[in-house]
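I set out below what I looked up in this structure.

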Amino acid sequence: MTRCPALLIAAPASGQGKTTVTAALARLHARQGRRVQVFKCGPDFLDPHWHQLASGAAVHQLDLWMNGEADCAQRLHAAAQACDLILIEGVMGLFDGTPSAADLAQRFGVPVLAVADASAMAGTFGALAFGLRHYRPGLPWAGILANRVGSARHADMLREGLQDPSDWMGALLRVAPGGGAAGAALLPERHLGLVAAHELQDSLQRLDAAADALEATPLGQMTAGDLQRWAVDFAAPAQTAPVPPLLAGRTVAVARDAAFCFVYAANLQCLEQMGARVVLFSPLHDAALPPCDAVWLPGGYPELHTAQIAANTGLQASLRAHVAAGRPLWAECGGMMALFDSITLADGAVAPLWGLLPGRVTLHKRLAALGPQQLTVAGHTLRGHTFHYSTSDSSAPVVARTARPNEAVSPDAGEALYRQGSLHASYFHAWFPSSPEAVAYLLGGAPP
């Protein structure tokens, strides 16, 4: 057993401010010299950018289905050995999804800190806190923090409504950096979620402003000794087989820039554990691929950079030569989008893309797909998820389709896996540690 203070920051629904609070809490304790490890519950590429900036450490996912319980246990135990505080940001509402953030909290005994947007309530805040705490028997509980509060008097009204005064973790006023009633815009958003931290010049100042505000609350004033009330015993995980070196001796080039930034830190870690040498490149700025045996084009925002993508004819030619030589290319979601002939944007404008996949992609104003998915290739199953606002229309051969957990593959459901020579592409975002064998197949390593 290894003991370490830990909190799971959850909310009654999405949009309550749990990402801001998690990042602010991480930043506050990191500034005080503590080693903080942040995790994100469920699949998410954007929130971890903020948490990594706040904590100074890589952020990994924890999901009882996508990771599996053993992987979650291993990551938590390793963090407890190395850190002074573990923070886990929940997903959606506390009890939403299967598995939910509450399931993760109960499985590992991590106390839940609820964050609630209290901007339009008073006494009902107490009922909300009571319901979150007692809805599921045995849920570990830390307390509740009121967010987007209008005034000190408003905060008093909220606190007075609690049946248990010890639930009160404080209130954050509705104020953004520079002043003004814009608390919801502290971490700005767009169609796929939060704007990534590296895209804003003042990201660290935003986090410091949030940490400063949190420091004035009972939660923010807790010392290292106070945090021990939330100490959790994390059991040593069962011995697991080492990751097979299926990519030993191979170099995998991974796209990484503003247009292609949806990368799980654990996926890069998995590639290295498989023996691969990982090199990063920028499809927006580099005129050619680095010397490599395989390419991974992850998701991101190609729709925001269409002119720059189409103008980089050098990289387009380099990708085309790579595939013509029979070397593997795995493209997922945004990475796949950039390979089509063209994209129709939400305003109806049509922009050319790289043209390695026949067909076009169309961006919509509403979500086209969302949820956990799994993909079986070469007899091995990768777990992951899908989340996109566009649809594709292509004549490329479809060699497989994804399916939801515990559902059979259907020709009319899930995400298509296109194959064009040595190129594989899909809207599916893969969690590489779930099946290194399938990853080796997609990236052309040793036969599974």
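**Entry 1: helix 6**

I began with helix 6 (residues 152-160) and found His-154, Ala-155 and Leu-158 buried, where buried means under 20% relative accessible area, exposed over 50% and partly exposed in between (1.4 Å probe, protein chains only). Viewed down the axis of helix 6, the buried residues fall within an arc of 100 degrees, so they line one face of the helix; the arc is that of the directions from the helix axis to the C-beta atoms. I recalled that an α-helix has 3.6 residues a turn, so residues three or four places apart point the same way. On the other side of helix 6, I noted Ala-152 and Glu-160 as exposed. The cover over the buried residues of helix 6 includes helix 5 (124-134), strand 6 (141-149) and strand 7 (168-173).

I record the conventions here. This is a predicted model, in which local features need pLDDT of at least 70 and side-chain atom pairs count only at pLDDT 80 or more, whereas totals for chains, interfaces and linings use all residues. Residues are numbered from 1 along each chain as its sequence is written, and side-chain values use heavy atoms, with hydrogens and water left out. Helices (H or I, at least four residues) and strands (E, at least two) are DSSP runs, numbered from the N terminus.

**Entry 2: Ser-392**

I located Ser-392 in strand 20 (residues 390-393). Leaving aside neighbours within four places in sequence, I found Ser-392 in contact (heavy atoms within 4.5 Å) with Phe-340, Arg-360, Val-361, Tyr-418 and Tyr-427. The side chains of Ser-392 and Tyr-418 are joined by a polar contact of 3.1 Å. Such a contact is a pair of N or O atoms within 3.5 Å; within protein, one must be able to donate a hydrogen and the other to accept it, and residues adjacent in sequence count only if both atoms are side-chain atoms.

**Entry 3: His-49**

I next examined His-49, which is found in helix 2 (residues 47-55). His-49 counts as buried, with 16% relative accessibility. Its side chain reaches the backbone oxygen of Phe-45 at 3.4 Å.

I traced an open sheet of three strands in the order 18-19-24, with antiparallel pairing; two strands pair if DSSP finds at least two bridges between them. Strand 18 (369-377) and strand 24 (429-431) are the edge strands, each pairing on one side only. Three bridges join strand 19 (residues 380-388) to strand 24. I noted His-429, in strand 24, as the bridge partner of His-385.
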